[in-house]
Amino acid sequence: MRLGSGTFAAGCVVIEVLGVALFLRGFFPAPVFSGTERQAESPAPEPSAGASSNWTELPPPLFSKVVIMLIDALRDDFVFGSKGVKFMPYTTYLVEKGSSLSFVAEAKPPTVTMPRIKALLTGSLPGFIDVVRNLNSPTLLEDNVITRAKAAGKRIIFYGDETWVKLFPKHFVEYDGTTSFFVSDYTEVDNNVTRHLDTVLKRQDWDVLILHYLGLDHIGHISGPSSPLIGPKLSEMDSILMKIHTSLLSEERGALLPSLVALCGDHGMSEAGGHGASSTEEVNTALVLISSAFERKPGDVRRPTHVQQTDLAATLSVGLGLPIPKSNTGSLMFRVVEGRPVREQLRFLHLNAVQLSKLLQENVPSYKKEPGFEQFKVSERLHRNWVRLYLEGSNSEALVNLGAKVRRQYLDALSMLRLSLTRRAAQYDVYSMAAGTVLVLEALALLLLGVPQALSSRAELDVPLLSPVSSLLFGLLLLALAALHVVVCTAADSSCYLCGLPWLAAGGVMALTAALLCAGMSALTRIFAGGQCLTQTPPQSTSRWSELDLLSFLGTVGHVLSLGASSFIEEEHQTWYFLVNTLCLALCHQIYRHCLLGDDCAPQRCPHTGEEFDGVAVALQGKRAGPEGWELSHAPKDPSSLEALRGPERWMVLASPWLVLACCRLLRSLNQTGVQWAHRPDLGHWLTSSDHKAELSVLAALSLTMIFVLVQKRCSLTSKVAMAFGLLGIYCYRAAIGNVLFPWQQDNKDISKGITEARFVYVFVLGILFTGTKDLLKSQIIAADFTARTVGLWEIHSGLVLLAALLLRPHNLPVLVLSLAVQTVMTQFIWRPLRHGAAAVTVMHYWFGQAFFYFQGNSNSIATVDVSAGFVGLDAYMEIPAMFLTAFATYSGPVLWASHLVNFLTSEASSGSALRRACFCYALVCSVPVSVYIVMVTSLRYHLFIWSVFSPKLLYEGMHLLVTAAVCIFFTAMDQTNTKS
């Protein structure tokens, strides 16, 4: 069967998407620590050296009522820093002089809400894949404090983030959930929690009250930690804490036990306002435990100490008189029980150590050799001696000294046990990882083997679909894979994802693997037989590689190799900036060599594309062909394109690489990204500060005007009008939500969610896309209507530009403007005069798309994902639209450059099969880094930075591959349209 190279490449990329998805499922399994069922069991008895009875029951609770006030994104300096002193005076008083204990709780990545809630209540370390599950939280089945409290008869009330309701669907006697993903709302989302307080605090029918406030996190997503909205929100939280604390104090007068208020955050907030990564601002959260049991003596200065966020689960369990969750990896915050009798202190520490040692036994076969387990046994032996002396009634100094020694031994044992468990937190599904890796590498091998034919003049491959499946080798491979599957699934100690699939689905994966392997071996056999590789081998060209070919190859290889180093991943934007700058210098050298030195740059057959451009020249002078204005015309064959240029146009060609370099340098100053220099001030921070709103407004207005100027010239009249109104609507939307000002406004007193204005823009986006689609369908009916096809494609590109302008933050609109400007300059003064082939143009589009991905402030950290873009124009959380808008806003750079590539190649009347070759090249340059990276991640899965650096990059690569698959399908569809026309 003969397939176009674009269709073949799109199919290979789809297979790679399936392989990467399978790899991710194995690399990010659902973490399961304790394999034992959660059931009622007697607690570990107190160690005793004699025959007398010992303490066999759980210690009584320390607090009568517990209030957990969780403020989303409450990083430590919001409470313990200057902002806390200024905006949270009551909390500051409690921290410095009141009855409280202060901690800086360190959250492990991923620093997003749902995994952090799980860590707070189970004490375990959630898997990194919970970043994805954060969008749709499943029921929490692990042993946890809430489930234990409910089983003990505690009455629990909850108000706040609906994630809790999904995690604990039947645990609360009363609840009211609020949508956590609608980040444009930071007022009502908190008012819906606070409105219940007055009634609940007067009631006596509850034991645990949980409040989850989202407003602070939403402000961070909208405008960052330096926003003027942060202060009032912190003051609001301070007044709520004061109300809760004073109400509980008034009830304690007749109570036997004190109450506890736990003020905490689930994660921090980066300097850009996001979260999800491992920067200090994202992992350090405030934790304040407030209770009359923590009264301090005069002169007692208590500074915040560092603890792990997972330590709260064990501490809350002790405070409520509950068993510690089985999967807990945290240790008791000893300062909470420091005022209790020594026997109770040791009892609490012993229960925690027994729980951690059992967890270690379940997960580590050689647990007896672990330092933490050995330390625990020593502590237990000393504890036994102390209990014997205590029961004998000894009050000597030896008892006091031995008690202090046992306490130190237990604390050391807890620390070492926690360290041992943390090191073994990652349980990889190696079988699923290997199966996914094989699929990806097989698809990449087919792409590489098809290069000579896919980039030939016809751009077609003779792909045998039935012969690999009907061969004896396929049957043998399928039987071998089935046998391997049975062996792995019956012998593996831990569950594998593939083993849990139905046999039909698992058999499909094995059949696909065997078929791809047969196809690859068949292609290799034909190559070594000196005959064919999927089709007849074209004659070899004698032309040598050009400088751009060599640069493309070395740049791709260098980028792939750089992914093996954590520092290069953190600062990957520097790699792409360097490659783009080097590309501009190479183009400059090529232009100057021809124009100034008179070197012969006559058109020649490109060995990688098989195209001949002898009969094509650029119509840069005289009348332009058609409304698109950049059309190629047939010119005399003798003079080259550069020789035909005279006057200003020739100087523009000479200056164009330097113009592109200047644009790139300006964009680098707009957004600091990466890790090393992300904290440094940049133009983006300066523009988004409240003091420079007027400057931002002017810049946004100019940017929107320039977008219209750069886009409208190739649009139909209807689309021009829609584009103008759409851009006006974007400014109105930004003014409505308070980002920019109208000339007659002095400030933003009337701030709204801008839903009406955003939907107004969506109407014009859909209208432009519909008009472009109509023109494409028209070009299929009227085969000779070349103009309708080019205009239709450009209108689709314009609709995507309008959507990107709506979703990008105002200070990033210059990124979009300069992207369009660079595309215009490169098209008119570089690609067409120099007559680059489809492969070279595709690689350059891909490189610029990657560079503009980072120019808009993205990085390989999850914290830089602008979640607020997913809720533009939405008045409620809708999962699919929110995910699509967030993904488009994040990858708008690569998508818009790919869309421009389709327009550029289609606008050439003699382009022939250029779209097929472009699709193949695009798929290849994206597949190579993904394929190599998953192999690198597999080999580095025990690296120190696997969760903080390599894992987020893996998620980005998976999403980028999915975007590439969509781009390749679009390329293939446009190629079919082009062929029919």
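I call a residue buried under 20% relative accessible area, exposed over 50%, and partly exposed in between, using a 1.4 Å probe and protein chains only. The model is predicted, so local features need pLDDT of at least 70 and side-chain atom pairs count only at pLDDT 80 or more, while totals for chains, interfaces and linings use all residues. Residues are numbered from 1 along each chain as its sequence is written, and side-chain values use heavy atoms, with hydrogens and water left out.

**Cysteines**

I looked up Cys-919 first. Cys-919 is buried because its relative accessibility is 0%. I then searched for disulfides, taking a disulfide as a pair of cysteine sulfur atoms within 2.5 Å. The count comes to one disulfide. I found it between Cys-489 and Cys-499, with the sulfur atoms 2.0 Å apart. I read -90° about the S-S bond, and the link is left-handed. The two cysteines are 10 residues apart: Cys-489 sits in helix α21 (residues 472-491) and Cys-499 in helix α22 (residues 497-500). For helices I use DSSP runs of H or I, at least four residues, numbered from the N terminus; strands are runs of E, at least two.

Cys-489 has a relative accessible area of 28%, so I noted it as partly exposed. Cys-499, at 26%, is partly exposed. Cys-732 is partly exposed at 24%. Cys-919 is in no disulfide; its nearest cysteine sulfur belongs to Cys-968, 4.0 Å away.

**Thr-906**

I found Thr-906 in helix α37 (residues 892-906). Thr-906 has 2% relative accessibility and therefore counts as buried. What lies 2.6 Å from a polar atom of the Thr-906 side chain? I found the backbone oxygen of Val-902 there. Leaving aside neighbours within four places in sequence, Thr-906 touches Phe-786, Arg-789, Thr-790, Leu-793 and Leu-915.

**Helices α24 and α35**

I looked at helix α24 (residues 547-562) against helix α35 (residues 838-855): the axes come within 11 Å and cross at roughly 45°. That angle is why α24 is oblique to α35. Under 35 degrees would be roughly parallel, over 145 roughly antiparallel, 65 to 115 roughly perpendicular, and the rest is oblique. In α24, Leu-548, Leu-551, Ser-552, Gly-555 and Thr-556 meet Val-843, Met-844 and Trp-847 of α35.

Conventions
Polar contact = N/O pair within 3.5 Å; in protein donor to acceptor, adjacent residues only side chain to side chain. Contact = heavy atoms within 4.5 Å. Axes fitted to C-alpha atoms, helices over the stretch in contact; angles between N-to-C directions.
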